[in-house]
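Reader: I would like to go through some features of this model one at a time. Please give the general idea first, then the case here.

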Amino acid sequence: MTEPRGRQLLPGQTSRVHVYDLETRTSRVLFESSSLLVEAPNVLDDGRILLNGGGDLWLLPLPPLGTVLDETALVPVPMPGVPEINNDHVLDHSDGSVVVSARNGELYRVPLPDGGSAEQLTDTTTALPTTRKFYLHGIAPDGSALAAIVGERTEDGVWTTDVASVDPATGEPTFLTRDAFPDDGCTITPVGGTWLFNTERFTPGTAQLATVWPGHADPVRITNDDRVNWFPHLSPDGSHLLYLSYEPGVQGHPADHRVELRLLPGALVRGARIAVEPETLVTLDGGQGTVNVPPWSPDSRWFAYCDYPVAP
């Protein structure tokens, strides 16, 4: 019996895509499906939303106000030669492509918007004393580096996740972290070239947001609370830092939790020491799949996110 591709909806669960307008502090539903679980929205330059679902890539047009689309509106992005993908995919605005993470641990470049033959960027089959997998979360604005989490499992079964800059020409990683602390959600910011990620190095067992400034080696803590904070995303204009926040005690970034989308000033990423409380924009049922990858519109006025409510 063939296993289903991608994550599956629970009984009575729906998959929805929203956009949140920063000026009005309001959101609206664009898409809802009770048959296909879609995840991790990116926003193209023309406003269309890129999603993964069922192990494939899909484009969703922005509907008129008051219209909610379903799975029949999704346009598939052909990726011949690419195996099933997960929800770690990022737009490369330097050439109009998307780089996707496949479940086999490799990264592939796919042309957009019409899809086509993909280029494999990494090769985890080379002789290493570890099992290696790449999980993409960001791309430098000029396309010169891929921000990826590199997972490695040694022969004695120890699994680590570290932040790395991956050369898209060679697929070789240059590690920014190399330690026993779990790291994830890394990205290169569009303003200043700083690195953002979440890490448990400050409070073991509780992920917090951190940044590494150019020319520095040590991460600087951004969030400092008892919540579990993941997936930092700086807006393209550098003004806003969006992230996903779980309740205290959550391990990893699981699905089907009551989570918050929170906002902080983008100046914190550049080193400003501001005493400011995060603003909770949305409380929703989600987590895994909600904002795993950069969800901002190119003009920084709105972002997209997913939630997964279950009917009573």
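Reader: Is C186 buried or exposed?

Author: Buried means under 20% relative accessible area, exposed over 50%, and partly exposed in between, with a 1.4 Å probe and protein chains only. C186 has a relative accessible area of 0%, so C186 is buried. C306 is also buried, at 0%. This is a predicted model: local features need pLDDT of at least 70, side-chain atom pairs count only at pLDDT 80 or more, and totals for chains, interfaces and linings use all residues. Residues are numbered from 1 along each chain as its sequence is written, and side-chain values use heavy atoms, with hydrogens and water left out.

Reader: How many disulfides are there?

Author: A disulfide is a pair of cysteine sulfur atoms within 2.5 Å. By this rule the count is zero.

Reader: Where does N198 sit?

Author: Helices (H or I, at least four residues) and strands (E, at least two) are DSSP runs, numbered from the N terminus. N198 lies in strand β16, residues 195–199. Its relative accessibility is 1%, so N198 counts as buried.

Reader: What does the side chain of N198 reach?

Author: A polar contact is a pair of N or O atoms within 3.5 Å; within protein, one must be able to donate a hydrogen and the other to accept it, and residues adjacent in sequence count only if both atoms are side-chain atoms. Here the side chain of N198 reaches the backbone nitrogen of F231 at 3.1 Å. Contact in general means heavy atoms within 4.5 Å. Leaving aside neighbours within four places in sequence, the residues in contact with N198 include D183, L209, W230 and F231.

Reader: What is the order of strands in the open sheet of four strands?

Author: Two strands pair if DSSP finds at least two bridges between them. The order is β3-β4-β5-β6, with antiparallel pairing. The edge strands, β3 (38–43) and β6 (75–77), each pair on one side only.

Reader: How many bridges join β3 and β4?

Author: Four, in the antiparallel sense, with β4 covering residues 49–53. E39 has N52 in β4 as its bridge partner. β3 and β4 form a hairpin with five residues between them, and G47 in the turn has a positive phi of about 95 degrees. Six of the six residues of β3 are buried.
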